[in-house]
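Hi there,

Here is the structure I promised to pass on.

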Amino acid sequence: MTTQAGPGNKNAGTRLRRRAAAADPNPRTIAIPASRSPAGPLLNVENISVFRGERLVLDGVGLQLDAGGALLLTGPNGAGKSTLLRVLAGLRKPEGGHVLWAGIDALADRTAHAARVAYLGHQDALKPGLTLRENLALPARAAGSDPKQAMEALDLLPLADLPARMLSAGQKRRAALARVMLARAPLWLLDEPSLGLDTSSIGLLEALFHAHRETGGIIIATTHVPLPLPDARTLDLPGVSGLETMEEMDMESWS
Amino acid sequence: MKAEGMQASLPALLAAVIGRDLRLALRHGADTLGAVLFFILAGALFPLALGPSPDLLRHMAPGIVWVCALLAALLPLDRLFGSELEDGSLDQLMLSGLPPALVALAKMIAHWLTTGLPLLLAAAPLAIMLGLPLPVLPILLGGLALGTAVLSLIGGMAASIVLGARRGGVLLPLLVLPLATPALIFGAAALDAAQTGLSWRPDLELLGAFLAGALPLCPLAAGAGLRAAVE
């Protein structure tokens, strides 16, 4: 591997970034069949590279999805699935690469990008002291949507006036999914959406996913178990070798 | 699909975030009252420590009230953003459509409403107890109204900056107290001036200028801190 870096060490970060993008002759871009729409894919992610501390977690990841598309992110723990979701949500700036939404750089204005995104983290983000209805009031207000409809879709209406601390793990997960629905955003980014859900709730999830994709929404989900997403593509993140730390890369580029 | 124009406006969203925080403060009443009780208790310790000389207490009352208010306002800062970060709510707030600086401002306003305002109410009885002359009381409350707002702004900024740091709770007072000293100096000086018959106006005006500077700057810095914390 040759690098363009000179002997000076002042631009270590830039050099690393450049190297991260150029490290792999075959970057881990999945060859998703060419977009059918003439205008290009709705979501086009190119060459995303992310460092966590000194470790390279995502190395030149790319993906493309059309309206109505779904993508499953798989891979071992620590492969960077959640990190990729946070990058796509605009919560985290990647060290390299682009996220294009309808051809526009989505990460240039992250507050505007937030309106396109409904993000479900691995935490449910419910306040234990507030009732379910109160917990959902803010997201409903933000998007101007009807919390009752979302609670009905996820079979939560009987629990609406219970404080969130009284809910079981699966019920909390359903409440967090109700918030995703309330956002009325085209891009759903779901970090293990089925965590803790029982069989009947998975059925609700399936209906939810289907309705979202029918209206042209995109779903990207990380998972370790099968999800009810028919004809979803899969992007397997193999994880970058844990030994490839910044220091070693630095030394490598010095020699 | 998303219908444009149906989203809440920024002021409405700001009010919604503040409303959520007030409701949370109501549900966790003990946490909210903690700062005020600390303020009253700490203030009540001084007569015990200094002796019951009315002259001495009257002379020291402005300083006691101000220092106790400063310390009491620090107490809830640790949880201001900490609890939001821990349960993932901060991610959702950052994606609510509000710019990070306005998310921070909403939390600072909520902090003032749940800590600054109760402190203001508790300051009057404490000052009377310490023997502060009644005509000076409005100047104390006016100064504290400005001063607690400054504290909420500076405190919120510091809380967002130490967010995610390992020893954030220890760092917080070390960051806030030096930055808040101008408020303490002007606030206590106004009371001193009023007690000795000098003009208190310049001190409160300087305090107001300090608030006017902090109002735009602190939320911006805090917004950058929040962005960094969710990364």
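Which strands of chain A does helix α2 lie across, and at about what angle does α2 run to β1(A)? Helix α2 of chain A, residues 81-89, lies across β1, β2 and β4 of that chain, and runs at about 120 degrees to β1(A). Please keep in mind that this is a predicted model.

Those strands belong to an open sheet of four, ordered β2-β1-β4-β5 in chain A, with antiparallel pairing. Its edge strands are β2 (55-65) and β5 (104-105) of chain A, each of which pairs on one side only. Further in, β1 (residues 43-52) and β4 (residues 96-101) of chain A are joined in the antiparallel sense by five bridges.

The next stop is β7 of chain A, residues 187-191. This strand is mostly covered, with five of its five residues buried. In a regular strand, side chains alternate between the two faces of the sheet. Here both faces are covered: Leu187(A), Leu189(A) and Asp191(A) are buried on one side, and Trp188(A) and Leu190(A) are buried on the other.

β7(A) has parallel partners too. With β6(A) it pairs over four bridges in the parallel sense, and Leu120(A) stands opposite Leu190(A) there. With β8 of chain A (residues 218-222), β7(A) pairs in the parallel sense over five bridges.

Now for the contact between the chains, which takes 27 residues from chain A and 25 residues from chain B. On the side of chain A that touches chain B, the elements giving two or more residues are α3 (110-114), β6 (117-120) and α4 (132-143) of chain A. The largest share is that of α4(A), with five residues. By class, this side of chain A has 13 nonpolar, seven polar and seven charged residues.

Finally, a word on confidence. The predictor gives the complex an ipTM of 0.84 and a pTM of 0.85. Chain B averages a pLDDT of 91, and 97% of its residues score at least 70. Over residues 1-5 of chain B, though, the pLDDT is below 50, and this stretch has six contacts in the model beyond near neighbours in sequence. Where pLDDT is low, the predicted coordinates should not be read in detail.

Best wishes

Conventions
Residues are numbered from 1 along each chain as its sequence is written. Chains are lettered from A and ligands numbered from 1 in the order in which they are written. This is a predicted model: local features need pLDDT of at least 70, side-chain atom pairs count only at pLDDT 80 or more; totals for chains, interfaces and linings use all residues. Two residues are in contact if their C-beta atoms, placed from the backbone, lie within 7 Å. Ala, Val, Leu, Ile, Met, Phe, Trp, Tyr, Cys and Pro count as nonpolar, Asp, Glu, Lys and Arg as charged, and the others, Gly among them, as polar. pLDDT is the predictor's confidence in each residue, from 0 to 100. A residue is buried if 20 or more other C-beta atoms lie within 10 Å of its own, exposed if 12 or fewer, and partly exposed in between; C-beta atoms are placed from the backbone. Two strands pair if DSSP finds at least two bridges between them. Axes are lines fitted to C-alpha atoms, for helices over the stretch in contact, and angles run from 0 to 180 degrees between N-to-C directions.
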